[in-house]
Amino acid sequence: MPRPDQQEPVVFELVEGEGPDGVAAPVGAPPADSPGRRLPLLPRLSRRTWLVAAAVVAVVVAGTTTVDLVRGHLRAELMRTSPVGVASLAEMPERGWTVPFDVPTPPSDEAYVDQPLVTMDGLLVLPPGSAQSYTVDPFTGLAEAVPVGFDDVVAVDPDSGEVAWRVPLNEAPVCGPTSPDASMSVDALVCVHGPEDAREVVTVAPDGATRSRPADPADGEQVFPGPDGMLVRVTRTGGGAAAEEVLCDDLGTCTPSVLERGRDVRVVAEDAATGAERWATTVEFRPTETVNCQQQVADSGRTTVDTYRVTMRTGAESVAVDGCGVAATLSTRGVRLDLAGESGDDTGGAGDAGAEVPASSAWVTEIGAGLFAVETGSTETLVVDDEGQVLRTLPGWVRTETIISPDAPDDLWFVTRTGGYGFDAVRRDGSVAWTDRKSQGILLVGRDVVVADRGGRVVGLARETGDQVWAWDGGDTTGMARYRTLTDGRTVAMEHLPQDGKLGGLIVALDLGTGEKRWIAPVAGTAVAVDGELVEISKDGLTGLD
């Protein structure tokens, strides 16, 4: 006895015939005198067969949907690893949570907010407001230095806006490393704070835990926060080469015009938490024009020359020492990167410490992954590692400001030729893949498309060939400068800010593949990406853009 659900066999009977003029008609063709073609009837299948077929289709669709969801999730997680990555830019963001500054801008004033930023374990960390911030009275036009921002080091969850922790600091705090765009992610933030005669060093961990100790600077010594959990000490050495005396008249002309003698600078890096020395080196004085050492006295406006002046800039993976007659960029290992290729051993001056080191005016820029671009007055760029080892020589200047999407292949350098617009896309073996001579800059290097700035227009260029894929005419952004670019892998979002320096602008989102405008949204300040979330920083505080 057959099973109850067993189907009867389906039989198709093929009947051959002849069409007009004795030509055999195709099976299923209608008679020649029929009013029109009829669709062939579907076979009479059982209900169970149709249910099984529908289930198969549903599984295929569900499988495809699942794959898309998994890919979307993986893409979002990948974007969270990048300072330019946002989990999703498919829809125009809406204003969500807010965290007000401890010191906001007065309601009627305009302001310039110089807010240093850093990320730590997915949190947006903001050191106290910078003294470089100022407000402008709209009636008098007078500017007043106001440290707009937080009083403490504050860590904020970019998803919820919750303040994860706060670390109070004393007067005149300086923290590092930081950046204006949250592009640095660190395991330790170092701050120097307190009265001039009682400075302290505090090391902050990603969970807000701290270790503090006295800075104990020697006479004439300055201390600065450094990268990789370091404290850096700089001081002019005594020696026998005293700096020359300089006289300046009321017009600001100083004599002599060139300083031939000066004092070297001793640089010592130590563990900020323990004080253990990591390395030490000396940056030698080199003759310099007096104008490079001039400064104006704020009260009188008179010009003076400080031959002992020394400052330091802290990057994510390097420190730059600058002063009257001294300039050097050192890696976290203490290697002189600005002298790469000049020591004769391709180690950037890491050879014989007693050998005379030539003067250098090289400009060193961090380009990520422990690599640095060293640009001199020539038309070449040296790509070096943190040991100063020259890895690649490129014919031009590396576009170090290029923003690279985390899903983009790491197979091209973008190099500017001197004497004009445009750039070369250079393969890792040094050959040129393609050339663009019309663009002013690169806004984003995506997986398939390179987004380039052509002044009033933005274009998408095929990554493999450089051919133009799409163009956008700038829309409602006339009079604004393109400040920052973000992406979710499918969308490129360009932040446009007024060129008069005021806060507030527009974010324009384009489809990365077609250039079609997806949305445009106003911002009250600037927007940064932190752990895949979009956060606005205005003159009043922080706002989550969801």
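Me: What share of the contacts in the chain with a separation of 6 or more do residues 24 or more positions apart account for?

Reply: A contact means heavy atoms within 4.5 Å. Here, residues 24 or more positions apart account for 48% of the contacts with a separation of 6 or more. This is a predicted model, where local features need pLDDT of at least 70, side-chain atom pairs count only at pLDDT 80 or more, and totals for chains, interfaces and linings use all residues. Residues are numbered from 1 along each chain as its sequence is written, and side-chain values use heavy atoms, with hydrogens and water left out.

Me: How many helices and strands are in the chain?

Reply: Both are DSSP runs, numbered from the N terminus: helices are H or I with at least four residues, strands are E with at least two. This chain has one helix and 44 strands.

Me: What percentage of the residues count as buried?

Reply: Buried means under 20% relative accessible area, exposed over 50%, and partly exposed in between, with a 1.4 Å probe and protein chains only. Of the 546 residues, 43% count as buried. Accessible areas come from the Shrake-Rupley method with a 1.4 Å probe; for residues, only the protein chains shown count as cover. The chain exposes about 28,800 Å². Carbon and sulfur atoms supply 51% of that area.

Me: Let us take one residue. Is T329 buried or exposed?

Reply: T329 is buried, because its relative accessibility is 9%. T329 sits in strand β25, residues 326-331. Leaving out residues up to four places away in sequence, T329 touches S318, V319, A320, V335, R336, L337, D338 and V364.

Me: How many salt bridges are there?

Reply: A salt bridge is a side-chain nitrogen of Lys or Arg within 4 Å of a carboxyl oxygen of Asp or Glu. By this rule the count is 22.

Me: Which salt bridge does R80 form with E533, and what does the pair tie together?

Reply: The side chains of R80 and E533 meet at 3.3 Å, N to O. R80 lies in the loop between α1 (47-79) and β1 (95-100), and E533 in strand β43 (residues 533-537), so the pair ties together parts that are 453 residues apart in sequence. E533 is buried at 15% relative accessible area. R80 is partly exposed at 26%. R80 also forms a salt bridge with E77, with the closest N and O atoms 3.3 Å apart. E77 is partly exposed, at 36% relative accessibility.

Me: Where do R437 and D424 lie?

Reply: Their side chains meet in a salt bridge, R437 to D424, at 3.2 Å from N to O. R437 lies in the loop between β33 (432-436) and β34 (441-445), and D424 in strand β32 (residues 423-427), so the pair ties together parts that are 13 residues apart in sequence. R437 is partly exposed, with a relative accessible area of 42%. D424 is buried at 2%. Elsewhere, salt bridges that share partners join R213, E221, R233 and E270 into one network.

Me: What is the volume of the second largest pocket?

Reply: First, the terms. On a 1 Å grid over the protein atoms alone, a pocket is an open set of points with protein on both sides within 12 Å along at least five of seven lines. A cavity is a set of points where a 1.4 Å probe fits but cannot get out. Lining residues have an atom within 4 Å of a point. Grid points are joined across faces, edges and corners, and a volume is the space filled by probe spheres set on the points. The second largest pocket has about 1,100 Å³.

Me: Which residues lie nearest the centre of the second largest pocket?

Reply: They are A172, P173, V174, C175 and R199, among 35 lining residues. Strand β13 gives the largest share, four residues. β9 (174-176), β13 (222-225) and β23 (310-314) each supply at least two. For classes, Ala, Val, Leu, Ile, Met, Phe, Trp, Tyr, Cys and Pro count as nonpolar, Asp, Glu, Lys and Arg as charged, and the others, Gly among them, as polar. This lining has 19 nonpolar, ten polar and six charged residues.

Me: Which residues line the largest cavity?

Reply: I404, A408, P409, D410, L412, F414, V445 and R463 do. The largest cavity has a volume of about 30 Å³.

Me: Which peptide bonds to proline are cis?

Reply: Most residues other than glycine have a negative phi, and most peptide bonds are trans. The bond from G176 to P177 is cis, with omega near 0 degrees. The bond from T255 to P256 is cis too. As for phi, A172 has a positive value of about 50 degrees although it is not a glycine.
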